[in-house]
Amino acid sequence: MKIGNIGVLPVMDGVGVEVAADMLSRPGVDDAWACHTEHMEADGTLRLPLGGFCVRTGDRTVLVDAGVGAFDDGKYVGGGMLDSLAAHGIGPADVTDVVFTHLHFDHIGWATHDGAAVFPKATYRAHRADWEHFVMGENAQPGAVEKLTPLGARLELFDTDFTVAPG
């Protein structure tokens, strides 16, 4: 898809499966999904696509979210993002920026692999409050700490509006 001179490409990584009733409830309503049955599987689950978007503008290739990564816990299965990028002619070294919408495990999976940045030329960006909660806080998530700490100086935290790339 193009928006002016900006290209926006979907990049898929995998799929997650959740019980629909566990994902949405409404007080006073027995079946919050009764009006959305077309989104559910026959067993009452939702299949959630995992991935992100690649935004191309000027000389920048910005990956928005980094999927779940090479991961399979039987409920969430990833591993396809690098192939999805390659199908668009984008290799890991072509990505100039990685922006995390938030730091849940299904958004940071390809930040690093085996302790090294997956996108070797990219600057990684996360909101300071998310970083403090998921990585530095008293309730830090071990998976987030493991995935994100190796980014070191490649990471830039933000806490105000900023421009990632032209446009």
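Among contacts (heavy atoms within 4.5 Å) between residues at least 6 apart in sequence, 76% join residues at least 24 apart. This is a predicted model, in which local features need pLDDT of at least 70 and side-chain atom pairs count only at pLDDT 80 or more, while totals for chains, interfaces and linings use all residues. Residues are numbered from 1 along each chain as its sequence is written, and side-chain values use heavy atoms, with hydrogens and water left out.

The secondary structure comes to five helices and 10 strands; these are DSSP runs numbered from the N terminus, helices being H or I of at least four residues and strands E of at least two. The C-alpha trace spans about 50 × 40 × 30 Å along its principal axes. Of the 167 residues, 35% count as buried, that is, under 20% relative accessible area, with exposed meaning over 50% and partly exposed in between (1.4 Å probe, protein chains only).

In soluble globular proteins, nonpolar side chains tend to be buried together. A nonpolar core here is a set of buried Ala, Val, Leu, Ile, Met, Phe, Trp, Tyr and Cys residues joined through side-chain atoms within 4.5 Å. The largest one has 27 residues, of which Phe100, Phe119, Tyr124 and Leu148 touch the most other members. Its largest share, three residues, comes from α4. Leu148 touches Phe100, Leu103, Ile108, Ala111, Trp131 and Val135, not counting residues up to four places away in sequence.

Helix α4 covers residues 128–136, and its buried residues are Trp131, Phe134 and Val135. Seen down the axis of α4, these fall within an arc of 95 degrees, so they line one face of the helix; the arc is taken from the directions from the helix axis to the C-beta atoms. The buried residues of α4 pack against β9 (123–127), α5 and β10 (155–158).

Helix α5 also contributes to the largest pocket, giving the most to its lining with four residues. A pocket is an open set of points on a 1 Å grid over the protein atoms alone, where a 1.4 Å probe fits, with protein on both sides within 12 Å along at least five of seven lines; lining residues have an atom within 4 Å of a point. The lining has 19 residues, and Phe71, Gly109, Gly143, Glu146 and Lys147 lie nearest the centre of the pocket. One of these, Glu146, is in helix α5 and counts as exposed because its relative accessibility is 63%. The C-alpha atoms of Glu146 and Gly115 are separated by 7.8 Å, although the two residues are 31 apart along the chain.
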